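My entries follow in the order in which I looked things up.

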Amino acid sequence: MAIAKMKLVNIFADNEHLDEVLAKFIELDNFHPEPASKLVGAVHGLTSMYYDNPYLKMLNRINEIVDKMHLEIEPKQVDVQECDLSRIERFIEKTYHKFEEITSNENEIKQLIQEDQDALKQVRNIKSLDISLDDLFSCRYLISRVGRLPLDSEEKLKFYDNRPFIWNSFSKDSNYSWGIYITTNEFEREVDNVFSSLYFDRIHIPDFVHGTPEEAEENLLKEIESLNKDLLKLKESEQELLERTRDRYSLFTAVLTKVSMIFEARRFVVGLGGRFSITGFMAKDDLDHLHKLFESIPSVEIEVRPANNDKRLTPPTKLKNGWFSEPFGMFVEMYGVADYKGIDPTPFVALTYTLLFGIMFGDVGQGLVLSLLGWVMYKFKGMRLGAVGIRIGISSAIFGFLYGSVFGNEHLLDPFFINVLGLPGKPIHTMEPSFTMTLLLSAIAIGAVLIISTIGINIYVNYKKKHTVEMFLSHNGVAGLVFYSFVIIGAGLMLGGIANPFNTVTLILFVGVPLLLMFLKEAIERKVHGEAMFPNGFGGFFTEAFFELFEIVLSYITNTMSYMRVAGFVLSHAGMMLVVSSLMEMTGNAGPIVFIFGNIFVMALEGLIVGIQVLRLEFYEMFSRYYTGDGIPFKTLKEYL
């Protein structure tokens, strides 16, 4: 349960070296900086050295242009503290305007090609009319329109049979009917409105197309070929422009990003006249790296003080966990970050979560599959939940071995236990009725051990924080530990027929005294702080304290019984797999399919439910006794920026 020991660090230097210091400062990935706004207002004469970032607007602009130009920017490492914004702006605007001009011409040519292709299709359709295009479109009394009509609109033409027009369809595809309608000059506007309401898409035959449909087709093909050549030249020009500017844009992006970060780091700089300071926290083990980083700048002074030296600042929490417990930090973070003066519960969560999940989801086959899936998720997706899956899957396989369960088969491992290990059978018979009571009592015992452990952890936490009254008199302190332990151990001795520890003396010492101390806790705490023990009178205090004590005793019972869900899910898992086995026998040849999908269903459904239930036990039955999660997470400068 390691929380890294922090030191409060002040970095001082002359103003002339500000950018040089900040250029190195942003490289730190183990320094938790404190914003200047926390410090400037508290001491007269201190100033903030931050104002509007002059590089941010240009950086956003270049990123916008890079996105529009679809440039592939290569990351570059640059050593720079300032840059010529006007020069960069001139270059990117000039190249972007050139790019826009090229793409605009490309789009124009693409539109012309599309129009010519549509016209070509109609010209080929008109071939069947055996008439010159000039004759068709230059009639004195007739008006012709070629184009396409949606298929569902063509069906609606029958509602306009009384209108003076002729519709002739040349061909159809999946969406449109390609054709021509003809009407007279007198009814031109009326018929155009009818077809417009039916979403007729008119196709204009280009002016350069004349003569017979064959001649028109030839002219259109030549025009399309010429336009494609022009389009190809434009694409070559576009690619040449992108190739020519990619390195410059990569460099400018890297430079602007670097100088913008350097400037944003001013948020943590406090002005001290001709000098400045940067304040933050750093792990004790990382201080040597800090000194080496700034040793090349002569005016830099580094002051290291105890973490709690400045009352205005709260030390952040930086966790240090081993390979086994580290992934379980995601559960702790969901609840809250540990207080710097407290403890990191991640190792305890890792141990208890893995243990409880394995007990509740014990199956060799399903456990190994779960572990394999977790490995895939962690290896290829980097998911911390996958790393958790590896560990709880192995735990499930271990307990599944003790249960003798392999993909729900409760007897597959019997020969191994009998012939290899020389045992009369598997160690734990989860499905035997005679074992049910033992299982329930075992679950309660596990719960009792975990409750006692969490009370012990809480005592240690309050000892570290020097909360003496809370440590001794709380229901999660020494008084609660004595009371609960005595009752649980005494009940266990009586159930086992070993002894009866409950007598007048023990009840007074281990039940009466702890309950009295818990009853008087708040009054004693007020006395310790120099306040009146009963500010509202003893009667009001007695009523309130009595019901609080009653609730505490009741919570001991309910919290302990809550762990019976552990036994419940052991039986539930075995029962669900028994149903799958029964369905396999009933379905005959379809048994293998039932086996596969039945195991998938049980793993998905019960695995999710068990995972949530164990997390509930962690949060509500354990964390509530010893963990508050109100600490400040350790954040590096890069996380702030």
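Predicted model: local features only at pLDDT ≥ 70, side-chain atom pairs only at ≥ 80, totals over all residues.

Entry on a second pair. R305 forms a salt bridge with E303, and here I read 3.3 Å between the closest N and O atoms. R305 counts as partly exposed at 24% relative accessibility, and E303, with a relative accessible area of 33%, is partly exposed as well.

Entry on a third pair. I noted a salt bridge between K426 and E410, whose closest N and O atoms are 3.1 Å apart. This pair links distant parts of the chain, 16 residues apart, with K426 in the loop between α14 (414-420) and α15 (433-465) and E410 in the loop between α13 (384-403) and α14. I checked the accessibility of both residues, and K426 and E410 are each buried.

Entry on the wider count. My search of the whole structure returned 27 salt bridges. I also came upon a network of salt bridges that links R61, E64, K68 and E93.

Entry on a tyrosine. I located Y96 in helix α4, which covers residues 85-126, and noted that Y96 is buried, its relative accessible area being 6%. I looked up its separation from V66, which is 30 residues away along the chain, and found 9.1 Å between the two C-alpha atoms.

Entry on the surface. I recorded a nonpolar patch formed by L372, W375, V376 and F380, which together have about 430 Å² of accessible area. Of these residues I followed up W375, which lies in helix α12 (residues 364-381) and is partly exposed with a relative accessible area of 40%.

Entry on a helix pair. I turned to helix α11 (residues 346-360) and helix α22 (residues 591-626), whose axes come within 10 Å and cross at roughly 140 degrees. I asked myself why α11 and α22 are not to be called roughly antiparallel, and the reason is that this label needs an angle over 145 degrees; the two helices are therefore oblique to each other. As to handedness, I noted that α11 passes α22 in a right-handed crossing.

Terms used:
Residues numbered from 1 in each chain as written. Heavy atoms only, no water. Patch = residues over 30% accessible without salt bridge, like charges linked within 9 Å, V, L, I, M, F, W, Y side chains within 5 Å. Areas by Shrake-Rupley, 256 points an atom, 1.4 Å probe, with all protein chains shown as cover. Salt bridge = Lys/Arg side-chain N within 4 Å of Asp/Glu carboxyl O. Helix = DSSP H or I, 4+ residues; strand = E, 2+ residues; numbered from the N terminus. Buried < 20%, exposed > 50% of the residue type's maximum accessible area, 1.4 Å probe, protein only. Axes fitted to C-alpha atoms, helices over the stretch in contact; angles between N-to-C directions. Parallel < 35°, antiparallel > 145°, perpendicular 65-115°, else oblique. Left-handed = near helix turned anticlockwise from the far one by under 90°.
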